Amino acid sequence: MLNESGKQNKDRLIKDLIVSVNDLQNKFQRDDGQERQWLIQNSPTPIIAQLVKDMTVKMLHVLSAIGELEPVNGITISKQFGFSKGNVSKITRRLADKKIIIFEYLPDNRKEILFRTTQLGKEINLLHRTLHEKIDIGANHLLKRYNEDELRFLVNVIQETLHTSLIHSETNEESNPLCKSASHTKVESDIDKATTDSDDINEVIELLNKLDSRNLKKAKAILKDVFFSVYED
């Protein structure tokens with residue numbers, strides 16, 4: 001059982017990590033813009049550059065899914081990649097309007113539409129894949145700095161975060177002093193603005209509360225290095 005000093009250290013580390021999670025969300029938003037700029041600057045032709053400039057991140061991801069599975073229908077894309085059917089329908093229409101994909105109909109079933117990439121779509125997918133290979137190389141280079149135990153710890157934290165539901169949590173928030181104090185912080189004011197952010201942040205809080213002081217320090221150090229370090233290829 002933690003003494004008062006240990007409890008204070010744990011609470012402080014949890015708060016530091018919550019701030020880091022908020023910073024991480026902002027970083028991902030900034031990185032979307034940086035990735036788009038890379039795609040535009042490295043486009044093989046001005047036509048591809050203009051198409052990429054006009055595409056959203058979701059359009060790029062749906063196009064990538066079509067390129068991976070083609071010929072493929074909207075239901076398969078929705079199930080395998082977690083897009084809503086409405087989003088898939090809307091995005092594929094926009095991609096078709098830009099001649100990035102084409103629609104195909106089955107001879108015996110005119111109601112089912114299959115999607116295929118055009119040459120433009122293939123070139124955009126190749127460019128997008130090249131970007132992610134570049135990112136993977138950078139991330140791999142960074143993560144090699146950690147030993148096996150540290151990497152296993154990071155994998156466990158991320159996997160548990162992905163599979164933990166706040167709705168079914170057995171933690172009693174009323175008995176948790178950190179949750180009480182957090183109600184008066186900027187974190188909760190942000191929570192009021194976005195339900196999705198609220199779920200993400202609170203799930204992380206639930207996980208962090210399970211860690212002792214030593215592992216909290218380790219989690220904080222890994223988060224800073226993995227998500228906030230600047231590195232070169």
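Predicted model: local features only at pLDDT ≥ 70, side-chain atom pairs only at ≥ 80, totals over all residues.
**Entry 1: the whole chain**

I started with the overall count. The chain has 11 helices and two strands. Going along the sequence, I read the order as α-α-α-α-α-β-β-α-α-α-α-α-α. Of the 233 residues, 34% are buried. I also looked at how far apart in sequence the contacting residues are. Among contacts with a separation of 6 or more, 69% join residues 24 or more positions apart.

Next I went to helix 2, which covers residues 46-54. Which of its residues are buried? I found Ile-48, Ala-49, Leu-51 and Val-52. Looking down the helix axis, I see these buried residues within an arc of 165 degrees, so they line one face of helix 2. An α-helix has 3.6 residues a turn, so residues three or four places apart point the same way. On the other side of helix 2 I noted Pro-46, Ile-47 and Lys-53 as exposed.

**Entry 2: helix 2 against helix 6**

I then checked how helix 2 packs on helix 6, residues 119-143. The angle is about 75 degrees and the axes are 11 Å apart. That puts helix 2 roughly perpendicular to helix 6. From helix 2, the contact uses Ile-47, Ile-48, Leu-51 and Val-52. Helix 6 brings Leu-120, Glu-123, Ile-124 and Leu-127. Sorted by class, I get seven nonpolar residues, no polar ones and one charged. Ile-48, Leu-51 and Val-52 were on my buried list for helix 2, while Ile-47 was on the exposed one.

**Entry 3: helix 6 itself**

Helix 6 has 25 residues, and I get 36 Å from its first C-alpha to its last. That is close to the 36 Å expected at 1.5 Å a residue. Its buried residues are Gly-121, Ile-124, Asn-125, Leu-127, His-128, Leu-131, Gly-138 and Leu-142.

I stopped at Glu-123, which also lies in helix 6. Its relative accessibility is 27%, so I count Glu-123 as partly exposed. Leaving out neighbours within four places in sequence, Glu-123 is in contact with Pro-44 and Ile-48. I also looked at Glu-123 and Ser-43: they are 80 residues apart in sequence, but their C-alpha atoms are 8.9 Å apart in space.

**Entry 4: helix 3 against helix 6**

Helix 6 packs with helix 3 as well, at an angle of about 105 degrees and with the axes 10 Å apart. Helix 3 and helix 6 are therefore roughly perpendicular. On the helix 3 side I listed Leu-60, His-61, Leu-63, Ser-64 and Gly-67. On the helix 6 side I listed Gly-121, Ile-124, Asn-125 and His-128. How many residues of this contact are nonpolar, polar and charged? I get three nonpolar, six polar and no charged. Ile-124 of helix 6 turns up here and in the contact with helix 2.

Gly-67 got its own look. Gly-67 sits in helix 3 and is partly exposed, at 29% relative accessibility. Not counting residues up to four places away in sequence, Gly-67 touches Thr-117 and Asn-125.

**Entry 5: helix 3 against helix 5**

Helix 3 (residues 57-69) also packs with helix 5 (residues 85-97). Here I have an angle of about 85 degrees, with the axes 10 Å apart. Helix 3 and helix 5 are therefore roughly perpendicular to each other. Helix 3 contributes Lys-58, Met-59, Val-62, Leu-63 and Ile-66. Helix 5 contributes Asn-87, Ile-91, Thr-92, Arg-94 and Leu-95. By class, that contact comes to six nonpolar, two polar and two charged residues. Leu-63 of helix 3 is in this contact and in the one with helix 6.

Last, I checked the backbone. Most residues other than glycine have a negative phi, and most peptide bonds are trans. The peptide bond from Glu-70 to Pro-71 is cis, with omega near -10 degrees. Pro-71 is in the loop between helix 3 and helix 4 (74-81).

The other is Lys-99, a residue other than glycine with a positive phi, near 65 degrees. Where is Lys-99 found? I place Lys-99 in the loop between helix 5 and strand 1 (101-106). Lys-99 is exposed, with a relative accessible area of 57%.

Definitions and conventions:
Residues numbered from 1 in each chain as written. Heavy atoms only, no water. Buried < 20%, exposed > 50% of the residue type's maximum accessible area, 1.4 Å probe, protein only. Helix = DSSP H or I, 4+ residues; strand = E, 2+ residues; numbered from the N terminus. Arc of directions from axis to C-beta. Axes fitted to C-alpha atoms, helices over the stretch in contact; angles between N-to-C directions. Parallel < 35°, antiparallel > 145°, perpendicular 65-115°, else oblique. Contact = heavy atoms within 4.5 Å. Nonpolar A, V, L, I, M, F, W, Y, C, P; charged D, E, K, R; others polar. Expected span 1.5 Å × (residues − 1).
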